[in-house]
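Work through the exercises below with the sequence and structure open. Try each task before reading its solution.

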Amino acid sequence: MTQEATGAAEAVAEIEVLAKEGKSYPPPDEFKAQALVTDDSMYRAAEEDFEGFWLDQAKELVEWFKEPTKSLEWDPPHCTWFADGELNISYNCLDKHVEAGRGDKVAYHFVPEPIEEEPRAITFAELKDEVCRFANGLKELGVKKGDRVGIYMGMVPELPIAMLACSRIGAPHVVVFGGFSAESLGERMNSTGASVMITQDEARRKGGLIPLKHIADQAVEQHAPSIEKMVVVRRTGGDVPMKDGRDLWWHDLVEGKSTEFEPERMNAEDVLYLLHTSGTTAKPKAAQHTTGGYLAYVAFTHKYVFDIHDDDVWWCAADVGWVTGHSYIVYGPLNNGTTGVLYEGDPTYPDVDRHWAIIEQYKVTQYYTAPTLIRAFIKSGPEPVQRHDLSSLKLLGTVGEPINPEAWLWYWRYVGGERCPVVDTWWQTETGGILISALPGVTTLKPGSATMPLPGVKPAILDEKGKEVPQAQGGFLVLKKPWPGIFRTLWDDDERYVSNYFSKYGPDTYFVGDGARQDDDGYYWLLGRIDDVMNVSGHRLSTIELESALVAHEAVAEAAAAAAPDDLTGQTPLCFVILKSGYEPSDELAKELREWVGEQIGKIARPKAVIFGADLPKTRSGKIMRRLLKDIAEGKELGDTTTLRDPDIVEELKERADELLGRSGASA
Ligand code: PRX
């Protein structure tokens, strides 16, 4: 059912007209007729009996070895959920379905990046066997309940298998996204005290190869002495050196292992995993997620936000290395017994229509991705979408950054054929699951708004003093009550947990770090980060991380970073650098510094431009005026510069930034 091709420019013009209409979108009739939730009963139930509502959900969606009788116990800022319950997550994701006779159902359609390679369907029964074999392998290496296990892999089936094996043993996993550098990886392994790490020879990406094992070797040798064993998946067959006594092949480790492994009885509050995210300091912090509350919450949000039915084919196109993948590729969907797509590679490989080809082939019913990707699709126009029959789609979702109404409308029209609700889901690594989003059979959608809090979620928007701002006025987003998926602390740093999230407005108010406003209808509009954290392609990056990477280079005396807006990635890092004496600014050095940051942190952090200056905009007392750097990065008129030690500096930096970013000069 391919439609007539529409040109990219023509489509954008049409969408701009639509956006100006400012229409809202009630649930389409056809969708509503089959939706799981079509009225406000869930919202009311959560309102009437908050604790009872969540306890019921936890019992309904999760199978417990020992059912909890407790719901929320709150001693602000800490909380526990279902604390007397006992369960095992891999049991819920695997055995539960096999025991119920659904073992032959496909858990993952694994789609390798090379089109010539055969895709592989993995059933729940097969996944369970693989998980048990690998859990037995990990046990042989000495991994036991409570031990941290590092995972640094591409999107291959062994990645969820490794995570589930850890959860079967009760060993918290620490997954590091495969795009991170050796230094970032090593630091994350070291600070969490992981002794075993799992990686693969090479990952496939955009037709090329990423030398994961090589990077892992560097990480261990230079930064993470705690790693004693490294398990390596053979994915490409590339020639990788194996260190005697430390490295083992995955296939050798699982050889002859039993497909039985008794799942550990875990308390609801035992740690499931640690996952790092950027904050406002140079070192990333590891959010600590627990077993019972987290599982209940991702199961609930996956089922109801995406309206998941038994025969659906779900595709969350994120990477498992980020929280989105943890919650909505692995734990939520598997707990719910949902068939999912696991795609290894790049969305534009070998052509820009790869995702649409996959949706058509597997008859995907719900597709979940980031606004950045949608903006990239818009650039190539609707034609690659229209080459494919996407009539299987029922619902679309977005996550990671605010979606501009134009991108929302394009997605709605060209991908969803105007019949699929588009749910814009707001959440964070720390929140574990979605907090603000439509329920698609209930909520009238407004393009660009994440709409309303989910049942039981209690946001507020406060001013600097902690007073609620009047509707339509922007302020700081907070959450006034815990939800089951909230992280319980930061690994080994409860003090930072308290000071980062629960000190601005007191211990019972979670400080999100995002700005937001509510419109006259009470809809939430997210306004981006309000701290020194930027959002690049839906991923968090702190300015201080960038700055510390830069000053670690021998040529750099001082550095500052700010976020510039970017059509594609939302924001992009812009760096200002003062060189040490003996070094001269040059295009080559700028390029070297960009690459350097990429090597230090990961490619995603590579600055769009490096701007050399004689100084940074500083006050007479020597404090960097970040507000001015922000104005420069955003291409705005410069704010007040009279308090600067040298006002000319900032003009020079601005000119250079406008030139490098191809701007004609100051804009609004
Ligand atoms: O600024 C918000 C933005 O991403 C941040 C969380 O980033 P991270 O922990 O990496 O998790 C990303 C995936 C859940 C938030 O503080 N963000 C996330 N989703 C949205 C969003 N901003 C606006 N709208 C969203 N839907």
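A salt bridge is a side-chain nitrogen of Lys or Arg within 4 Å of a carboxyl oxygen of Asp or Glu. This is a predicted model: local features need pLDDT of at least 70, side-chain atom pairs count only at pLDDT 80 or more, and totals for chains, interfaces and linings use all residues. Residues are numbered from 1 along each chain as its sequence is written, and side-chain values use heavy atoms, with hydrogens and water left out.

**Exercise 1.** Describe the interface of domain 1 and domain 2 by salt bridges and polar contacts.

Step 1. Domain 1 is 135-264 and domain 2 is 531-660, from an automatic or database domain assignment.

Step 2. Take the area. The two domains bury about 390 Å² between them, 40% of it on carbon and sulfur atoms. Buried area is the accessible area (1.4 Å probe) that two parts lose on being put together, summed over both.

Step 3. Locate it in domain 1. Phe-180, Ser-181 and Glu-183 lose the most area to domain 2, together 64% of what that side buries.

Step 4. Apply the rules. The interface has 0 salt bridges. It has 5 residue pairs in polar contact, both residues at pLDDT 80 or more. A polar contact is a pair of N or O atoms within 3.5 Å; within protein, one must be able to donate a hydrogen and the other to accept it, and residues adjacent in sequence count only if both atoms are side-chain atoms.
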